[in-house]
Amino acid sequence: MMIRLAERADLPAINAIYNHYVLHSTCTLDEDLMSEAERDAWFELHRGSYPATVGVIDNEVVAWASLSKYRSRCAYRFTVENSVYVREDRQRRGIGGAMLADLIERAKELDVHSIVAGIEAGQEGSIVLHEQHGFVTTAHLREVGFKFRQWLDVVFMQRMM
Ligand SMILES: CC(C)(COP(=O)(O)OP(=O)(O)OC[C@H]1O[C@@H](n2cnc3c(N)ncnc32)[C@H](O)[C@@H]1OP(=O)(O)O)[C@@H](O)C(=O)NCCC(=O)NCCS
């Protein structure tokens, strides 16, 4: 797999990977499909100091990952939030791990002090994956989400750089 910065032409594939999980999983607390325009706006925020990457196999985008602003207030500027999404038919082949490892290397170059991952508490695979890459759970919020007619806890994991 080749991992590179995302380009505008990758946005439909990125959105298709993401929107599958919007419809079928609590790994994202989005309930509405992300539109093309929303994905464009996301891309504009991820083509400078906050990177978005794609994993490509045989010219096909099979995963994406990003570092995003954690919060808008200035003093949070050394903290970022990460995302990693692997196409549903390509899970458990080491792709998510490779995407996350690459993201951490990019964070090292960007003067990041801490990476935060907000993960729905039932996403055991995602929690284990982040643990394998040096994240530890630093907060557990009770029933802050409500999707598919159930209350959802969210854990915050952090990797200090
Ligand atoms: C979480 C996710 C990124 C993992 O990607 P992946 O390519 O399947 O993960 P990998 O193959 O690199 O797995 C690495 C390790 O993580 C753990 N892991 C991953 N998925 C797991 C699962 N469903 N259950 C238990 N452990 C899991 C395992 O220890 C695995 O190693 P192993 O396969 O040798 O046992 C992927 O399942 C995904 O895109 N899920 C939906 C989106 C999401 O939850 N993203 C994270 C929130 S930001």
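**Notes on the ligand site**

1. An N or O atom in the side chain of Gln132 is 2.9 Å from an oxygen atom of the ligand, where a polar contact is a pair of N or O atoms within 3.5 Å. Of the ligand's 900 Å² exposed when taken alone, the protein buries 77% (Shrake-Rupley accessible areas, 1.4 Å probe).

2. The model is predicted: local features need pLDDT of at least 70, side-chain atom pairs count only at pLDDT 80 or more, and totals for chains, interfaces and linings use all residues. Residues are numbered from 1 along each chain as its sequence is written, and side-chain values use heavy atoms, with hydrogens and water left out.

3. Backbone atoms also take part. An N or O atom of the Val86 backbone lies 2.8 Å from an oxygen atom of the ligand, and a polar backbone atom of Arg92 is 2.8 Å from an oxygen atom of the ligand.

4. The ligand is surrounded by 18 residues (a heavy atom within 4 Å), the closest being Val84, Val86, Arg92, Gly94 and Gly96. Strand S4 (79-86), helix H3 (95-109) and helix H4 (124-132) each supply at least two shell residues (DSSP runs, helices H or I of at least four residues, strands E of at least two, numbered from the N terminus). H4 gives the largest share, five residues.

5. Aromatic pairs number seven (ring centres of Phe, Tyr and Trp, the latter by its six-membered ring, within 6.5 Å; planes under 30 degrees apart are stacked, over 60 edge-to-face, the rest tilted). The rings of Trp64 and Tyr85 have centres 5.0 Å apart and planes at 15°, so the pair is stacked. Trp64 lies in strand S3 (residues 60-69) and Tyr85 in strand S4, so the pair ties together parts 21 residues apart in sequence.

How values were computed
Polar contact = N/O pair within 3.5 Å; in protein donor to acceptor, adjacent residues only side chain to side chain.
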